[in-house]
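The exercises below are meant to be worked with the sequence and the model side by side. Try each task before reading its solution.

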Amino acid sequence: MNGQVPPGGHVSGARMAAVLGDWRRSGSRRGAADLAAAVELHVLDGRLTPGTRLPAERELAGALGVSRTLIGAALDRLREAGLVESRRGAGSWIAVPRRRGLEPAPPEAPNLIDFTRAALPAVPGVLAALDAARQKFAGELLDHGYSVLGLPALRERVAARYTERGLPTTPAQVMITNGGQHSFALALRTLAGPGDRVLVEQPCYPNTPEAVRSAHAVPVPIAVDPDEGWDIPGIEAALRQVAPRLANFVVDFQNPTGLRLDAAGRERLGAALARTRTPVVVDETLAELDLDGDPGAAPPPLAAFAGDSAITVGSAAKSHWGGLRLGWIRASEELIGGFLSARHALDLGSPVLEQLVLAELLEDPGASARRRREDVRAMRDALVGAVRWHFPDWAFRVPAGGLSLWCRLPEPMSTRLSVAAIGYGVQVAPGSRFGVHGGLESRLRLPFAQPPERLHEAVRRLAAAAASVGPAAGSGAEVPVT
């Protein structure tokens, strides 16, 4: 379905019929059960979001060409399952699915393959950059070491990179942070308060809605279709109806779908955000991992279209190394001033030595970026081949960038598979982790941030786990893991 109902909005009977499509199971006479199962699948897959108000029974019956009795029986099933709530005089609406997350994993074992993290080892140039940074470190020892905005040399290089990409930027518009998540937390602390609504993508990076909740704000999901991408008209409607205090988008190789929004889509989305004066955090953590295209021909940053309310967040974690624990914010000088005030309550700046190292890495980023893309491309292709071999009935699109495959499973069994996989020596996050309110049981994210041979072994183990869950769970052979 491309065109999600705005969260908290109302779906008409005709729209509901279009969403459900051919919901009757072939040869089945259990109409109410089939209809309830179809609605449940769309809720668990994140396409009917919590808070969506359903059409009246008479309207829905007419749109689907069935009796009101069948509609009532289906709603009874959905209420019993906790997927729909109703109140006399107020109608019915989609409820928050009961969470069925992954149980805490056992202590790490030497042979356990962690398939939950999309994190890469360091680029080869880090040691050389450290040696060069040491020569400049002695001069920094004469200062107090607290630079809340960040070292001038690093801010200059970050600003220059944005200018090269079509977003003119001065060092005064850049603040160095302790990573992308730290940057988002600063934006939330500055711009959102208790009860404020924050638009986030569905599916999304799990820490995003958790950060929103930690700020006592309310995450409101906006669907990103794995095949068709962002529903810009739906986002425009949500901006009008929900009036969010802040929005968050990953338009470059979205995590977990791997999608990238084109220039026309960025222009329309940016115009909508500017028109409603909605501040937006644009997460560019994965923007450098363009595996198939020419990075120089990439679409302009979303901030080039969204005006002064755009806050662009970057990170060295994926492009260079997570161990540097550095990121940055690019925003208007006025917003940078607000982040500076908010930061004093959290920390007093980022580590100096790491900033010097990153400044060296950014002095000539071309060679390390090419090597990084070549390595990640080989990892992606290895994982694609392994999944196609062991799971020919799993569907996914090969992403042009980023770090993960977003797989559609043949049935809603993501949590069951993730629990079983631990017994076979591989840890994988269920699809529910990437839903704002859980769900997504028909989805599984598989990161390709490990050497090809380890990826092949991880998928082999996952195939064995899938076979143990049930005959319809996967097509891999049951192979004991030693």
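**Exercise 1. State the volume of the second largest pocket, and describe its lining.**

The second largest pocket has a volume of about 590 Å³. A pocket, on a 1 Å grid over the protein atoms alone, is an open set of points where a 1.4 Å probe fits, with protein on both sides within 12 Å along at least five of seven lines, and its lining residues have an atom within 4 Å of a point; the volume is the space filled by probe spheres set on the points, which are joined across faces, edges and corners. This is a predicted model, in which local features need pLDDT of at least 70 and side-chain atom pairs count only at pLDDT 80 or more, while totals for chains, interfaces and linings use all residues. Residues are numbered from 1 along each chain as its sequence is written, and side-chain values use heavy atoms, with hydrogens and water left out.

Next, take the lining, which consists of 26 residues, with Arg161, Glu288, Leu362, Pro365 and Ala369 lying nearest the centre of the pocket. At least two lining residues come from each of α6 (152-164), β10 (310-315) and α14 (366-390), where helices (H or I, at least four residues) and strands (E, at least two) are DSSP runs numbered from the N terminus. Finally, sort the lining by type: 10 residues are nonpolar, 7 polar and 9 charged, with Ala, Val, Leu, Ile, Met, Phe, Trp, Tyr, Cys and Pro counted as nonpolar, Asp, Glu, Lys and Arg as charged, and the others, Gly among them, as polar.

**Exercise 2. Locate aspartate 290 and decide whether this residue is buried or exposed.**

Begin with the chain position: aspartate 290 lies in the loop between β9 (280-283) and α11 (303-306). Its relative accessible area is 6%, so aspartate 290 is buried, a term that means under 20%, with exposed over 50% and partly exposed in between (1.4 Å probe, protein chains only). Then look at the surroundings, where a polar atom of the aspartate 290 side chain lies 3.0 Å from the backbone nitrogen of glycine 293. Beyond its neighbours within four places in sequence, aspartate 290 is in contact (heavy atoms within 4.5 Å) with residues including Phe253 and Arg373.

**Exercise 3. Follow the contact to phenylalanine 253 and describe the loop that holds this residue.**

Phenylalanine 253 is found in the loop between β8 and α10, and at a relative accessible area of 1% this residue is buried. Its phi is near 60°, a positive value in a residue other than glycine. Proline 256 is found in the loop between β8 (246-249) and α10 (263-275), and a cis peptide bond with omega of about 20° joins asparagine 255 to proline 256.

**Exercise 4. Which residues does isoleucine 71 contact, leaving aside its neighbours within four places in sequence?**

First place isoleucine 71, which lies in helix α4 (residues 68-80) and counts as buried at 2% relative accessibility. Its contacts, with those neighbours left aside, are Leu35, Glu57, Leu60, Ala61, Leu64 and Val66. One of these, leucine 60, is 11 residues away in sequence and 7.5 Å away in space, C-alpha to C-alpha.

**Exercise 5. Describe the chain as a whole.**

Count the elements first: the chain has 16 helices and 14 strands. Its radius of gyration is 24 Å, close to the 23 Å that the globule rule gives for 482 residues, so the chain is as compact as a globular protein of that length; the radius is taken over C-alpha atoms, and the rule is 2.2 Å times the number of residues to the power 0.38.

Conventions:
Polar contact = N/O pair within 3.5 Å; in protein donor to acceptor, adjacent residues only side chain to side chain. Contact = heavy atoms within 4.5 Å.
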